[in-house]
Amino acid sequence: MNQYEIKLAYELHGNALNPVVIIVQGLGMPLTATPPELVIKLVEKNLCVLLIDNRDIGQSDIIDKRPPNIIIEALKYKCGFSVNSFYSLFDMMNDINNLLISINVNTAHIIGVSMGGMIAQLMAIHHPKKIKSLTSIMSTSGNPKLPGPHWEVAKFILSGAKNKNINSPEAFYHRLWKLIGSPAYPRSSQELDEFVERIMSRGMTPGGSVRQILAILSSSNRCADLKKLRLATLVIHGNEDKLVPIECGLDTAKCIPNAELWQIPGMGHDFPYELLTEFTNKIAAHIHTAEG
């Protein structure tokens with residue numbers, strides 16, 4: 001568990017006098033995983049966007065501890081045994097709260113993507129006076145009865161985290177996004193190359209990704225706490241998501257009172273560029289309504 005305060009790297013885009021929107025990225029993803037076009041469009045909607053690198057990734061503090069065998073830990077999780085982890089999703093949530101305190105942000109709206117959605121949910125649960133709205137994207141409630149990643153995706157991620165025979169990290173992420181991307185909105189090889197270059201140049205740590213997986217596997221079911229939330233919530237999920245299946249988004253929306261669900265046909269576990277304007281309009285309207 002967390003023994004000291006972690007320093008998070010961050011970027012602030014837009015006018016700080018506008019409503020602040022935190023975007024929390026997913027497993028192993030630095031802040032550059034957020035499409036730059038989405039950031040620009042949100043700023044144009046009179047929002048101030050706070051991008052962060054979670055601990056153990058990008059330019060934030062790295063936990064320099066060798067992770068255990070991820071295959072064994074995943075099997076332990078599957079069998080209902082406790083998983084060895086160096087920190088929890090709660091610790092990662094606390095990192096963000098400490099950052100907000102340090103930069104004098106008293107209230108904010110939060111958007112969480114995949115693992116970031118789990119962390120964003122915890123922020124809403126534990127800091128209800130600070131978080132004014134929640135947007136949970138391709139994430140889950142933590143209900144253990146929900147389906148997990150498709151087998152081909154889980155096998156690829158776990159073998160990639162363990163295997164040293166992959167030609168390069170770039171090749172690994174290129175193949176991963178081919179597997180989990182949106183079938184209705186396939187990315188070209190050039191778009192994938194640009195995306196992978198963007199995240200790799202920010203800083204990727206294989207050990208950090210494994211330690212973040214362990215944090216997810218050791219997390220608890222948030223359903224009971226989510227049912228107590230009383231804030232504007234938007235849940236976005238694609239019905240072709242092979243990493244976090246659509247049932248996870250449906251359950252998240254079901255758990256949170258009065259949550260709005262936007263289910264997107266043909267979307268996988270990425271941001272289709274063709275839908276960025278619609279994403280922006282939907283999210284900005286949600287946030288400004290909560291502000292109003």
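Glu-11 and Arg-202 form a salt bridge (a side-chain nitrogen of Lys or Arg within 4 Å of a carboxyl oxygen of Asp or Glu), with the closest N and O atoms 3.6 Å apart. Glu-11 belongs to strand β1 (residues 10-13) and Arg-202 to helix α7 (residues 189-202), so the pair ties together parts that are 191 residues apart in sequence. Helices (H or I, at least four residues) and strands (E, at least two) are DSSP runs, numbered from the N terminus.

The model is predicted: local features need pLDDT of at least 70, side-chain atom pairs count only at pLDDT 80 or more, and totals for chains, interfaces and linings use all residues. Residues are numbered from 1 along each chain as its sequence is written, and side-chain values use heavy atoms, with hydrogens and water left out.

Arg-202 also meets Asp-53 in a salt bridge, at 2.8 Å from N to O. Asp-53 lies in the loop between β3 (48-52) and α2 (70-78) and Arg-202 in helix α7, so this pair joins parts that are 149 residues apart in sequence.

Another salt bridge pairs Lys-132 with Glu-291, the closest N and O atoms being 2.9 Å apart. Lys-132 is in strand β5 (residues 131-137) and Glu-291 in helix α11 (residues 276-291), so parts 159 residues apart in sequence are tied together.

Relative accessible area is classed as buried (under 20%), exposed (over 50%) or partly exposed (in between), with a 1.4 Å probe and protein chains only.

| Residue | Relative accessible area | Class |
|---|---|---|
| Glu-11 | 27% | partly exposed |
| Asp-53 | 0% | buried |
| Lys-132 | 31% | partly exposed |
| Arg-202 | 12% | buried |
| Glu-291 | 31% | partly exposed |

The count of salt bridges comes to 10.
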